[in-house]
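The following exercises concern a single protein chain.

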Amino acid sequence: MSALPLVAASASCALADENPRYRATQHNYGGVGLLQTPTARMAPEGEFSFTANHTSPYTRYSISVQPLPWLESTIRYIDVNNISYGSEGFSNQSLKDKAIDAKFRLWQESRWLPQVALGFRDVGGTGLFSSEFVVANKRFYDLDFSLGVAWGYIGNRGDFGNPLSVISDSFNDRATNDDPGGTLNTSSYFSGRPGIFGGVEYQTPWDDLRLKVELDGNDYKSEPFQNNQEQDSPINVGVLYSLADWADVTVGWERGNTAMFGITMHTNLRTIQRPPKVLDPEPEARRALPAGVRGANVDWANISDRLSANAGIKVESIAVKDDEVIITGEQTTYRSDAEGMSRAARVLDNSLGEGTYDWYTLVHKPYGMALNQTSVNAETLRQYEQFEADQRALRYHMVNAVPSRQETEEVYAEELDRFNAGLALGYRQNVGGPDNFILYQFLLRANAQFYFDRNKWLDGTVGINLLNNYDQFEYDGPSNLPRVRTDLRQYLTTSDVQLNRLQYTQTEQINRDWFGMAYAGLLEDMYGGLGGEVLYRPHGVDWAVGVDVNWVKQRGYAQEFSFRDYSTLTGHITGYLRTGFHDVLIKGSVGRYLAGDIGGTIDLSRRFRNGVVMGGWATMTDVSKEEFGEGSFDKGVYIQIPFDVFFLGSTKSVANLAWNPLTRDGGAKLWRNYELYQLTEERDLDLFDNSFQNLSR
């Protein structure tokens, strides 16, 4: 009989990671956890969560993302309701503290071993709520247990002496962060007396309801600004209810005397599927193949029009050679090059028939640069449409190569469409300043382009103010450097009509793998001037190297044609490496920034198959922490989301959402509207392979 509990425990462990009803949920500070405490669990890869909650005197707003299966990252603002932002008269707000967290899964749960994670709270902020922790989780059916040890804020109760003191006495006392915010402050890591925390999460028989009970490791006797709180009990309890697949509400009772309420909205950016494209034209209905025709018997102008209307290809020219038709142009509509290619092949089949041309080739030539050519065997594509061949066979018969220079017979040349224009809504914001937590502006943007040639164009943007609260923007950030960015307030408030950009650009394919670009004009909101870039990007490889050099002069605050006195030379050498590890791109650059400081920027981003990108960057220069000011160095995170996953019609447009905690003058780069690495993305063959997921028959 004594063996029965062991057998039962073994069975529970075996099923621990197989509960289909389990779902990771957010805790008060953002990131997967219980209430006040984190757990070792991770959200699904690609998860995006926004959490807002209140436990007096703290209101917290956080965004958490899961860019990798083993990495969780959170950015957060804490509103300390009973502490003012600064000295009297400085601001009418309560204190706003900002922070960045990171949590790393060390190993996954197995039959016998728990899942274990290492985490850092407030690793990139002021350090007011900083903490380091190690936590383990083990699940038994509907119960998920966590147990951890924390240094700093999460473990402020200090249950025992620091075991790391055997290494050095410096671990006994936790150092105070005297830096101006934003530093890693490694001298305090894992120091001080640690505290124990943990708890259990119970998934009730009702899928939408779960209960949380935890032991809080903080006794609230060492709060920032001596803002200590009464704690009647270290046990916190809460109830989470799922309002929908994308929304959770949590209510709880914390510190034995304080109510908590929170809401989380979440989605998975990795698995989000584009909606049915009901506004797209249907692929041309396949007609009975006529007898093969060629040369003067083909209406090539009609084919060009249909390629544009149905396949999204802006044709430059059409040529033939032996049994091959070669279309040179640019894909302007479909993110999936494979989809555009299959639509184009149907158009050609319906016009040319069978037996005359066996291969269809599309030369991708955006901005006048021939980047890649894709050839498909016409018969294999017909077999795929008739379910006689699968996607693997079709991909095998699609050839990607460097555009070849060969003798061909040009049968059609499309006249250049020189002018286009459009209107769009714009939005910008400034978050976390003393004037108001969120300063916002909605704009009407008028955009226009005039093409002198396919690789030479003039384009501009005018912004017209529609709605904003920037009349409250009165604070000028301090600076010990030339004011290359901290004059932001003047640029945003001086005029309701702004010429944001007016730029002449010329691209050039120098040879097979070298590309160049030159530009001049009003390059961005704050700077005008001239510059150039060269990029070496061999076809089909995972790396590239580029150099840009720019001479710029600061624009007038009204953003018309006036200039201020400040000018500078800025530029960078940049390397790009697509690692192949979860499709992570490493982008590193070194050079001279707008304030004349010298340093480097590292940018890490993860691209999912649906085109969504999550990334973050940091810049360190020879500017000291004291010169830089609050934040210590420049940093930020961003998400890029293709509009194609929202709209009912196909588009190649992308939404860029970025968060930069502070506007400072150190480490400031010129905002270039065009960069050769983005303009030459067709050189990345992984993009073409990924596009097969949207290929239809």
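**Exercise 1.** Determine whether helix 4 is mostly covered or mostly open, and state what its buried residues pack against.

*Solution.* Step 1: helix 4 is mostly covered, with 6 of its 8 residues buried. Buried means under 20% relative accessible area, exposed over 50%, and partly exposed in between, with a 1.4 Å probe and protein chains only. Helices (H or I, at least four residues) and strands (E, at least two) are DSSP runs, numbered from the N terminus. The model is a predicted one, in which local features need pLDDT of at least 70 and side-chain atom pairs count only at pLDDT 80 or more, while totals for chains, interfaces and linings use all residues. Residues are numbered from 1 along each chain as its sequence is written, and side-chain values use heavy atoms, with hydrogens and water left out.

Step 1: the buried residues of helix 4 are Ala378, Thr380, Leu381, Arg382, Tyr384 and Glu385.

Step 2: these buried residues pack against helix 3, strand 15 (359-364), strand 16 (372-377) and helix 5 (391-396). Contact means heavy atoms within 4.5 Å.

**Exercise 2.** Describe how helix 3 and helix 4 are placed relative to each other, and which residues make the contact.

*Solution.* Step 1: the axes of helix 3 (residues 337-352) and helix 4 (residues 378-385) come within 11 Å and cross at roughly 105°. Axes are lines fitted to C-alpha atoms, for helices over the stretch in contact, and angles run from 0 to 180 degrees between N-to-C directions.

Step 1: helix 3 and helix 4 are therefore roughly perpendicular to each other. Angles under 35 degrees count as roughly parallel, over 145 as roughly antiparallel, 65 to 115 as roughly perpendicular, and the rest as oblique.

Step 2: helix 3 contributes Ser342, Ala345, Arg346 and Asp349 to the contact, and helix 4 contributes Ala378, Leu381, Arg382 and Glu385.

**Exercise 3.** Identify the residues with the most contacts inside the largest nonpolar core, and trace the contacts of leucine 676.

*Solution.* Step 1: the largest nonpolar core has 31 residues, and those with the most contacts inside it are Tyr527 and Leu676. A nonpolar core is a set of buried Ala, Val, Leu, Ile, Met, Phe, Trp, Tyr and Cys residues joined through side-chain atoms within 4.5 Å.

Step 1: the elements that each supply at least two residues of this core include strand 24 (527-536) and helix 8 (676-679).

Step 2: neighbours within four places in sequence aside, leucine 676 is in contact with Met369, Phe515, Gly516, Met517, Glu533, Val534 and Leu535.
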